[in-house]
Amino acid sequence: MPAAGYNMRLAELIYSAFPCVGLPISAHPPSNYCCICTFPIDTLDHHSLTVNLTDPVFRGRYHGRKKHQDDFAHMLVRSKRAGVASMIITGGSLSESKQALNLAKEHNLYATIGCHPTRSGEFEKDPSGYFQALDELIGANLSGPGRAVAVGECGLDYDRTHFASTVVQQRHFRSQLALAKKYHLPLFLHSRAAHGDFVQILREEGFGEDGGRAVGGRGGVVHSFTGPPQDAIDYINMGFHVSVNGCSLKTEENLAAVKVIVPRRIMFETDAPWCSMTSTHASRKHIDSLPADLRELFLPRAVRAEAFVPGQPVKGRNEPNAVGGVAWVVHKVKEVPFEEIVEQGWRNTVELFGLRELADDPSREA
Ligand SMILES: [Zn+2]
(Lines give C-alpha, C1' and ligand atoms only; values in the text may rest on other atoms or scores of the structure.)
Protein backbone atom coordinates (compact mmCIF):
# COMPACT_ATOMS: atom_id res chain seq x y z
CA MET A 1 0.00 0.00 0.00
CA PRO A 2 1.20 3.53 -0.60
CA ALA A 3 2.84 5.01 2.44
CA ALA A 4 1.01 8.31 2.16
CA GLY A 5 -2.46 6.77 2.28
CA TYR A 6 -1.34 4.73 5.21
CA ASN A 7 -0.37 7.78 7.19
CA MET A 8 -3.54 9.63 6.39
CA ARG A 9 -5.67 6.87 7.81
CA LEU A 10 -3.56 6.71 10.92
CA ALA A 11 -3.85 10.44 11.33
CA GLU A 12 -7.63 10.27 11.26
CA LEU A 13 -7.48 7.91 14.11
CA ILE A 14 -5.59 10.30 16.26
CA TYR A 15 -8.77 12.23 16.86
CA SER A 16 -10.66 9.25 18.08
CA ALA A 17 -7.85 7.67 20.02
CA PHE A 18 -8.17 7.50 23.76
CA PRO A 19 -5.57 9.30 25.75
CA CYS A 20 -3.21 6.59 26.69
CA VAL A 21 -0.96 5.76 29.48
CA GLY A 22 -0.68 2.17 30.33
CA LEU A 23 -1.47 -1.03 28.67
CA PRO A 24 -3.33 -2.63 25.80
CA ILE A 25 -2.88 -0.55 22.90
CA SER A 26 -4.59 -0.44 19.68
CA ALA A 27 -3.99 1.41 16.57
CA HIS A 28 -5.47 0.93 13.21
CA PRO A 29 -4.05 1.64 9.81
CA PRO A 30 -5.99 0.70 6.72
CA SER A 31 -7.90 -1.87 8.61
CA ASN A 32 -7.53 -2.05 12.34
CA TYR A 33 -4.31 -1.89 14.06
CA CYS A 34 -3.76 -3.08 17.48
CA CYS A 35 -1.96 -4.24 20.47
CA ILE A 36 -1.63 -4.62 24.10
CA CYS A 37 1.12 -2.62 25.51
CA THR A 38 1.89 -3.53 29.02
CA PHE A 39 2.98 -0.73 31.17
CA PRO A 40 3.46 -2.20 34.61
CA ILE A 41 2.25 0.18 37.21
CA ASP A 42 5.19 -0.51 39.46
CA THR A 43 7.30 1.66 37.22
CA LEU A 44 5.20 4.62 38.26
CA ASP A 45 5.90 7.09 40.98
CA HIS A 46 3.47 6.02 43.66
CA HIS A 47 3.36 9.33 45.43
CA SER A 48 2.18 11.44 42.58
CA LEU A 49 0.69 8.78 40.42
CA THR A 50 -2.97 9.40 41.01
CA VAL A 51 -2.57 13.13 40.87
CA ASN A 52 0.05 13.72 38.25
CA LEU A 53 0.19 10.54 36.25
CA THR A 54 3.84 10.30 37.01
CA ASP A 55 6.16 7.62 35.81
CA PRO A 56 9.64 8.56 36.96
CA VAL A 57 11.38 7.94 33.66
CA PHE A 58 8.67 9.75 31.74
CA ARG A 59 9.12 12.61 34.16
CA GLY A 60 12.84 12.65 33.49
CA ARG A 61 13.90 10.83 36.66
CA TYR A 62 16.13 7.77 36.42
CA HIS A 63 16.97 5.88 39.62
CA GLY A 64 16.00 8.93 41.61
CA ARG A 65 18.13 11.31 39.54
CA LYS A 66 16.56 14.03 37.46
CA LYS A 67 18.08 13.89 33.99
CA HIS A 68 15.65 15.86 31.87
CA GLN A 69 12.37 17.70 31.94
CA ASP A 70 9.01 16.01 32.15
CA ASP A 71 7.95 14.64 28.76
CA PHE A 72 5.00 12.47 29.67
CA ALA A 73 2.63 14.49 27.48
CA HIS A 74 5.01 14.12 24.53
CA MET A 75 5.05 10.37 25.08
CA LEU A 76 1.25 10.32 24.94
CA VAL A 77 1.20 12.33 21.74
CA ARG A 78 3.69 9.96 20.13
CA SER A 79 1.54 7.00 21.18
CA LYS A 80 -1.63 8.47 19.77
CA ARG A 81 0.07 9.41 16.56
CA ALA A 82 1.24 5.80 16.22
CA GLY A 83 -2.36 4.63 16.50
CA VAL A 84 -2.41 3.53 20.11
CA ALA A 85 -6.13 3.70 20.89
CA SER A 86 -6.27 2.49 24.46
CA MET A 87 -4.33 0.66 27.12
CA ILE A 88 -4.76 -1.77 29.96
CA ILE A 89 -2.81 -0.79 33.03
CA THR A 90 -1.52 -3.79 34.93
CA GLY A 91 -1.84 -4.06 38.67
CA GLY A 92 1.16 -5.78 40.26
CA SER A 93 -0.11 -5.83 43.84
CA LEU A 94 -3.15 -4.78 45.85
CA SER A 95 -2.04 -1.16 46.20
CA GLU A 96 -0.87 -0.96 42.60
CA SER A 97 -4.15 -2.39 41.41
CA LYS A 98 -5.94 0.47 43.17
CA GLN A 99 -3.63 2.93 41.47
CA ALA A 100 -4.12 1.25 38.13
CA LEU A 101 -7.87 1.62 38.53
CA ASN A 102 -7.59 5.29 39.47
CA LEU A 103 -5.44 5.94 36.45
CA ALA A 104 -7.76 3.97 34.20
CA LYS A 105 -10.81 5.86 35.41
CA GLU A 106 -9.08 9.19 35.07
CA HIS A 107 -8.11 8.51 31.46
CA ASN A 108 -10.83 6.19 30.24
CA LEU A 109 -8.50 3.21 30.02
CA TYR A 110 -8.65 -0.27 31.54
CA ALA A 111 -6.95 -2.00 34.45
CA THR A 112 -6.05 -5.44 35.73
CA ILE A 113 -6.31 -6.43 39.39
CA GLY A 114 -3.96 -8.95 40.90
CA CYS A 115 -0.60 -9.67 42.44
CA HIS A 116 2.59 -10.36 40.47
CA PRO A 117 4.48 -13.51 41.52
CA THR A 118 7.47 -11.50 42.73
CA ARG A 119 5.13 -9.48 44.96
CA SER A 120 3.13 -12.42 46.25
CA GLY A 121 4.99 -12.27 49.58
CA GLU A 122 2.59 -9.41 50.32
CA PHE A 123 -0.14 -11.97 50.86
CA GLU A 124 1.74 -13.73 53.61
CA LYS A 125 1.05 -11.42 56.56
CA ASP A 126 -2.70 -11.82 56.22
CA PRO A 127 -3.49 -14.18 53.33
CA SER A 128 -7.26 -14.16 53.68
CA GLY A 129 -7.41 -10.40 54.27
CA TYR A 130 -5.26 -9.67 51.22
CA PHE A 131 -7.24 -12.06 49.09
CA GLN A 132 -10.53 -10.60 50.25
CA ALA A 133 -9.33 -7.09 49.46
CA LEU A 134 -8.46 -8.13 45.89
CA ASP A 135 -11.79 -9.90 45.63
CA GLU A 136 -13.74 -6.83 46.76
CA LEU A 137 -11.74 -4.52 44.54
CA ILE A 138 -12.63 -6.59 41.49
CA GLY A 139 -16.26 -6.88 42.52
CA ALA A 140 -16.58 -3.12 42.86
CA ASN A 141 -14.99 -2.31 39.48
CA LEU A 142 -16.52 -4.56 36.88
CA SER A 143 -18.35 -2.06 34.74
CA GLY A 144 -18.06 1.30 33.07
CA PRO A 145 -15.05 3.33 32.02
CA GLY A 146 -11.80 2.51 33.78
CA ARG A 147 -13.04 -0.95 34.76
CA ALA A 148 -11.07 -4.07 35.62
CA VAL A 149 -10.83 -6.34 32.59
CA ALA A 150 -8.55 -9.11 33.87
CA VAL A 151 -7.21 -10.85 36.95
CA GLY A 152 -3.44 -10.45 37.20
CA GLU A 153 -0.68 -9.88 36.65
CA CYS A 154 -0.29 -13.29 38.26
CA GLY A 155 1.75 -16.40 37.62
CA LEU A 156 5.22 -17.73 38.49
CA ASP A 157 8.68 -16.19 38.18
CA TYR A 158 11.47 -18.59 39.13
CA ASP A 159 14.12 -16.19 37.84
CA ARG A 160 13.27 -13.91 40.75
CA THR A 161 12.55 -15.78 43.95
CA HIS A 162 14.35 -13.44 46.37
CA PHE A 163 11.13 -11.61 47.28
CA ALA A 164 8.79 -14.58 47.22
CA SER A 165 9.81 -18.26 47.24
CA THR A 166 8.51 -20.67 44.63
CA VAL A 167 6.14 -22.13 47.23
CA VAL A 168 4.71 -18.72 48.11
CA GLN A 169 4.35 -17.85 44.42
CA GLN A 170 2.52 -21.09 43.69
CA ARG A 171 0.12 -20.64 46.60
CA HIS A 172 -1.01 -17.19 45.53
CA PHE A 173 -1.03 -17.91 41.82
CA ARG A 174 -3.50 -20.67 42.62
CA SER A 175 -5.64 -18.46 44.84
CA GLN A 176 -5.92 -15.77 42.17
CA LEU A 177 -7.18 -18.32 39.66
CA ALA A 178 -10.22 -18.61 41.92
CA LEU A 179 -10.94 -14.91 41.33
CA ALA A 180 -10.88 -15.40 37.55
CA LYS A 181 -13.41 -18.21 37.95
CA LYS A 182 -15.61 -16.26 40.34
CA TYR A 183 -15.81 -13.15 38.19
CA HIS A 184 -15.53 -14.84 34.80
CA LEU A 185 -12.59 -12.63 33.88
CA PRO A 186 -9.62 -13.42 31.64
CA LEU A 187 -6.20 -13.86 33.23
CA PHE A 188 -3.19 -11.64 32.65
CA LEU A 189 -0.40 -14.16 33.13
CA HIS A 190 3.34 -14.03 33.77
CA SER A 191 5.63 -17.09 33.51
CA ARG A 192 9.42 -17.09 33.76
CA ALA A 193 11.56 -20.22 33.98
CA ALA A 194 8.57 -22.00 35.51
CA HIS A 195 6.71 -23.52 32.59
CA GLY A 196 6.17 -27.01 34.08
CA ASP A 197 4.72 -25.80 37.39
CA PHE A 198 2.86 -22.95 35.70
CA VAL A 199 1.03 -25.25 33.32
CA GLN A 200 0.46 -27.88 36.01
CA ILE A 201 -1.23 -25.41 38.37
CA LEU A 202 -3.42 -24.08 35.58
CA ARG A 203 -4.44 -27.63 34.69
CA GLU A 204 -5.13 -28.61 38.30
CA GLU A 205 -7.35 -25.57 38.68
CA GLY A 206 -9.45 -26.37 35.63
CA PHE A 207 -7.66 -24.20 33.05
CA GLY A 208 -6.23 -27.12 31.08
CA GLU A 209 -8.53 -26.61 28.15
CA ASP A 210 -10.71 -23.97 26.57
CA GLY A 211 -9.19 -21.32 28.86
CA GLY A 212 -10.97 -22.77 31.87
CA ARG A 213 -14.49 -22.08 30.63
CA ALA A 214 -15.81 -25.25 32.26
CA VAL A 215 -14.88 -23.84 35.69
CA GLY A 216 -16.02 -20.26 35.00
CA GLY A 217 -12.80 -18.91 33.51
CA ARG A 218 -12.53 -16.83 30.35
CA GLY A 219 -9.07 -17.70 29.06
CA GLY A 220 -6.29 -15.18 29.30
CA VAL A 221 -2.99 -14.07 27.86
CA VAL A 222 0.53 -15.19 28.74
CA HIS A 223 2.35 -11.92 28.33
CA SER A 224 5.96 -11.09 27.41
CA PHE A 225 6.46 -14.54 25.94
CA THR A 226 10.09 -15.69 25.80
CA GLY A 227 9.79 -19.47 25.93
CA PRO A 228 10.53 -22.19 23.37
CA PRO A 229 7.98 -23.05 20.65
CA GLN A 230 6.47 -25.90 22.66
CA ASP A 231 5.54 -23.54 25.51
CA ALA A 232 3.51 -21.37 23.12
CA ILE A 233 1.86 -24.47 21.68
CA ASP A 234 0.94 -25.62 25.21
CA TYR A 235 -0.71 -22.27 26.03
CA ILE A 236 -2.60 -22.22 22.76
CA ASN A 237 -3.80 -25.80 23.21
CA MET A 238 -5.05 -24.85 26.67
CA GLY A 239 -7.07 -22.02 25.14
CA PHE A 240 -4.84 -19.07 26.04
CA HIS A 241 -3.45 -16.19 24.02
CA VAL A 242 0.25 -15.34 23.81
CA SER A 243 1.56 -11.78 23.85
CA VAL A 244 4.78 -10.67 22.21
CA ASN A 245 7.04 -7.68 22.96
CA GLY A 246 10.64 -6.69 22.23
CA CYS A 247 11.93 -9.24 24.77
CA SER A 248 10.15 -11.95 22.78
CA LEU A 249 12.21 -11.08 19.69
CA LYS A 250 15.80 -11.00 20.97
CA THR A 251 17.25 -14.22 19.54
CA GLU A 252 16.72 -16.48 16.55
CA GLU A 253 15.24 -19.04 18.98
CA ASN A 254 12.76 -16.38 20.13
CA LEU A 255 11.77 -15.66 16.53
CA ALA A 256 11.28 -19.39 15.85
CA ALA A 257 8.97 -19.59 18.88
CA VAL A 258 6.94 -16.55 17.81
CA LYS A 259 6.49 -18.17 14.42
CA VAL A 260 4.32 -20.94 15.92
CA ILE A 261 1.84 -18.56 17.56
CA VAL A 262 -1.26 -18.73 15.40
CA PRO A 263 -2.70 -15.32 14.46
CA ARG A 264 -6.01 -15.94 16.22
CA ARG A 265 -4.12 -16.23 19.52
CA ILE A 266 -1.50 -13.49 19.20
CA MET A 267 -1.33 -10.11 20.94
CA PHE A 268 1.23 -7.33 20.88
CA GLU A 269 2.66 -5.29 23.73
CA THR A 270 5.70 -3.21 24.56
CA ASP A 271 6.20 -3.66 28.34
CA ALA A 272 7.39 -0.05 28.24
CA PRO A 273 9.57 1.40 29.58
CA TRP A 274 11.38 -1.96 29.35
CA CYS A 275 11.88 -4.50 26.59
CA SER A 276 13.03 -2.13 23.84
CA MET A 277 14.19 -3.74 20.63
CA THR A 278 17.89 -2.97 20.24
CA SER A 279 20.42 -3.18 17.43
CA THR A 280 21.91 -6.41 18.82
CA HIS A 281 18.60 -8.29 18.79
CA ALA A 282 17.46 -10.75 16.12
CA SER A 283 14.52 -8.40 15.49
CA ARG A 284 16.93 -5.84 14.05
CA LYS A 285 17.04 -7.24 10.52
CA HIS A 286 13.26 -6.96 10.28
CA ILE A 287 13.15 -3.50 11.78
CA ASP A 288 15.53 -2.48 9.01
CA SER A 289 12.74 -3.13 6.50
CA LEU A 290 10.27 -0.85 8.27
CA PRO A 291 9.18 1.89 5.84
CA ALA A 292 10.53 5.31 6.84
CA ASP A 293 7.11 6.81 7.59
CA LEU A 294 6.17 3.96 9.92
CA ARG A 295 9.57 3.98 11.53
CA GLU A 296 9.06 7.62 12.36
CA LEU A 297 5.76 6.74 14.06
CA PHE A 298 6.77 3.57 15.87
CA LEU A 299 10.48 3.97 16.53
CA PRO A 300 11.44 7.62 16.11
CA ARG A 301 15.05 8.56 16.63
CA ALA A 302 15.86 8.81 20.32
CA VAL A 303 18.42 10.90 22.16
CA ARG A 304 20.37 10.18 25.32
CA ALA A 305 18.67 11.35 28.51
CA GLU A 306 21.59 13.73 29.12
CA ALA A 307 21.09 15.32 25.70
CA PHE A 308 17.30 15.53 25.98
CA VAL A 309 15.39 17.45 23.31
CA PRO A 310 11.70 18.24 24.02
CA GLY A 311 9.47 16.15 21.76
CA GLN A 312 12.07 13.49 21.07
CA PRO A 313 12.07 10.10 22.78
CA VAL A 314 14.88 9.07 25.11
CA LYS A 315 17.30 6.26 24.34
CA GLY A 316 16.83 3.03 26.27
CA ARG A 317 13.30 3.93 27.41
CA ASN A 318 10.68 1.93 25.57
CA GLU A 319 7.40 3.65 24.73
CA PRO A 320 3.91 2.45 23.77
CA ASN A 321 4.27 3.70 20.18
CA ALA A 322 6.91 0.98 19.65
CA VAL A 323 4.14 -1.62 19.66
CA GLY A 324 3.77 -0.99 15.93
CA GLY A 325 7.41 -2.03 15.53
CA VAL A 326 6.75 -5.26 17.42
CA ALA A 327 3.82 -6.03 15.11
CA TRP A 328 6.03 -5.26 12.11
CA VAL A 329 8.68 -7.77 13.18
CA VAL A 330 6.03 -10.41 13.83
CA HIS A 331 4.51 -9.89 10.38
CA LYS A 332 7.94 -10.45 8.81
CA VAL A 333 8.69 -13.51 10.95
CA LYS A 334 5.30 -15.09 10.32
CA GLU A 335 5.20 -13.99 6.70
CA VAL A 336 1.67 -12.65 6.91
CA PRO A 337 0.55 -9.20 5.74
CA PHE A 338 1.14 -6.44 8.28
CA GLU A 339 -2.46 -5.19 8.19
CA GLU A 340 -3.73 -8.71 8.68
CA ILE A 341 -1.69 -9.48 11.79
CA VAL A 342 -2.39 -6.06 13.25
CA GLU A 343 -6.11 -6.47 12.65
CA GLN A 344 -6.04 -9.92 14.20
CA GLY A 345 -4.15 -8.70 17.26
CA TRP A 346 -6.68 -5.89 17.67
CA ARG A 347 -9.63 -8.24 17.42
CA ASN A 348 -8.06 -10.72 19.84
CA THR A 349 -7.49 -7.97 22.40
CA VAL A 350 -10.97 -6.47 22.13
CA GLU A 351 -12.62 -9.87 22.33
CA LEU A 352 -10.58 -11.41 25.12
CA PHE A 353 -10.90 -8.42 27.44
CA GLY A 354 -14.46 -7.54 26.41
CA LEU A 355 -13.58 -4.01 25.26
CA ARG A 356 -16.96 -3.63 23.61
CA GLU A 357 -16.86 0.13 23.29
CA LEU A 358 -13.67 -0.10 21.23
CA ALA A 359 -15.22 -2.69 18.94
CA ASP A 360 -18.27 -0.50 18.43
CA ASP A 361 -16.43 2.77 17.89
CA PRO A 362 -17.52 3.83 14.36
CA SER A 363 -14.65 6.33 14.13
CA ARG A 364 -12.32 3.37 13.85
CA GLU A 365 -13.63 2.57 10.40
CA ALA A 366 -10.98 3.54 7.89
ZN1 LIG B 1 5.16 -9.87 33.44
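A residue is buried if 20 or more other C-beta atoms lie within 10 Å of its own, exposed if 12 or fewer, and partly exposed in between, with C-beta atoms placed from the backbone. I noted that the model is predicted: local features need pLDDT of at least 70, side-chain atom pairs count only at pLDDT 80 or more, and totals for chains, interfaces and linings use all residues. I counted residues from 1 along each chain as its sequence is written.

I looked up Ala 180 and found 29 C-beta neighbours inside 10 Å, so Ala 180 counts as buried. Ala 180 sits in helix H6, residues 166–183; helices (H or I, at least four residues) and strands (E, at least two) are DSSP runs numbered from the N terminus. Setting aside neighbours within four places in sequence, I found Ala 180 in contact (C-beta atoms, placed from the backbone, within 7 Å) with Val 151, Leu 185, Leu 187 and Gly 217. Gly 152 is 28 residues from Ala 180 in sequence, and their C-alpha atoms are 8.9 Å apart.

I turned to the sheet. Its seven strands form an open sheet in the order E5-E6-E7-E8-E9-E10-E11, with parallel pairing; two strands pair if DSSP finds at least two bridges between them. Strands E5 (88–89) and E11 (266–268) are at the edges with a single partner strand each, so one side of each has no neighbour in the sheet. I found three bridges between E11 and the parallel strand E10, residues 241–244. Val 244 is opposite Phe 268 of E11.

Last, I checked helix H9, residues 252–259, whose buried residues are Asn 254, Leu 255, Ala 257 and Val 258. Down the axis of H9 they fall within an arc of 160° (taken from the directions from the helix axis to the C-beta atoms), so they line one face of the helix. They pack against helix H8 (229–237), E10 and helix H12 (323–334).

Technical notes: Two residues are in contact if their C-beta atoms, placed from the backbone, lie within 7 Å.
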